[in-house]
Amino acid sequence: MYTQHFGFIKKPFSLSPDSEFLYLSPKHKKTLSRLQYGIMSQAGVTLITGEIGSGKTTVIQHVLKSIDNNCAVGLITNTHAAFGDLLSWVLTAFNIQERADNQADRYQLILNFFKQLHAQQRRAILIVDDAQNMDTQTLKELCLLSNINIDSEVIVQLILVGQPEL
């Protein structure tokens with residue numbers, strides 16, 4: 001119906017976010033600007049909150065298309081304690097194939113990955129969507145990842161996206 005009447009190439013309303021249909025209302029422009037500034041300024045943590053269906057994930061998808069190659073981006077979606085521990089999520093988000101049997105080894109794999117990126121003059125951006133689903137302990141672990149620095153440089157940026165209760 002919409003495609004014929006409005007001349008769209010594809011359906012505009014679907015359950016999954018599509019950044020091609022991003023409408024930049026004043027609030028979305030402000031959110032997009034803050035997000036881009038956080039990435040550009042290499043902020044340790046950037047927080048984006050909004051109600052369900054307000055377009056947070058769509059804005060994130062839009063930004064992902066514009067991030068240059070000097071950044072390695074890991075994306076964690078649909079967070080939930082039942083999915084396993086945070087470090088396993090991070091390994092998967094950055095497509096780190098090596099396996100580790102315990103938390104300390106997983107942490108070391110992540111640290112080595114971040115150090116390799118830094119040696120290549122690249123940086124890591126970890127985006128956690130639906131972060132409001134994480135329990136307090138997991139959020140604390142996530143904050144510890146944001147403390148990974150080399151000299152005075154932040155080598156991993158966190159972007160937390162979630163509902164207002166985050």
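**Helix packing and burial**

Analyst: Helix α2 (residues 26-40) packs with helix α3 (residues 56-64) at an angle of about 45°, and their axes are 10 Å apart. That angle makes α2 oblique to α3 (oblique is what remains after under 35 degrees, roughly parallel; over 145, roughly antiparallel; and 65 to 115, roughly perpendicular). This is a predicted model, in which local features need pLDDT of at least 70 and side-chain atom pairs count only at pLDDT 80 or more, while totals for chains, interfaces and linings use all residues. Residues are numbered from 1 along each chain as its sequence is written, and side-chain values use heavy atoms, without hydrogens and water.

User: Which residues make the contact?

Analyst: From α2, H28, T31, L32, L35 and I39; from α3, V59, I60, H62 and V63. Contact means heavy atoms within 4.5 Å. Six of these residues are nonpolar, three are polar and none is charged.

User: Switching to α6. Which residues are buried there?

Analyst: T138, L142 and L145 are buried in α6, buried being under 20% relative accessible area, exposed over 50% and partly exposed in between. They lie on the same side of α6, because they cover an arc of only 50° around the axis. T136 and L144, on the other side of α6, are exposed.

User: What covers the buried ones?

Analyst: The cover includes α4 (86-93), α5 (103-119), β3 (123-128) and β6 (156-162).

User: And C143, where does that lie?

Analyst: C143 lies in helix α6 (residues 136-145) and is partly exposed, at a relative accessible area of 43%. Its C-alpha atom is separated by 9.5 Å from that of G44, 99 residues apart along the chain.

Methods. Axes are lines fitted to C-alpha atoms, for helices over the stretch in contact, and angles run from 0 to 180 degrees between N-to-C directions. Helices (H or I, at least four residues) and strands (E, at least two) are DSSP runs, numbered from the N terminus. Ala, Val, Leu, Ile, Met, Phe, Trp, Tyr, Cys and Pro count as nonpolar, Asp, Glu, Lys and Arg as charged, and the others, Gly among them, as polar. Buried means under 20% relative accessible area, exposed over 50%, partly exposed in between (1.4 Å probe, protein chains only). The arc is that of the directions from the helix axis to the C-beta atoms.
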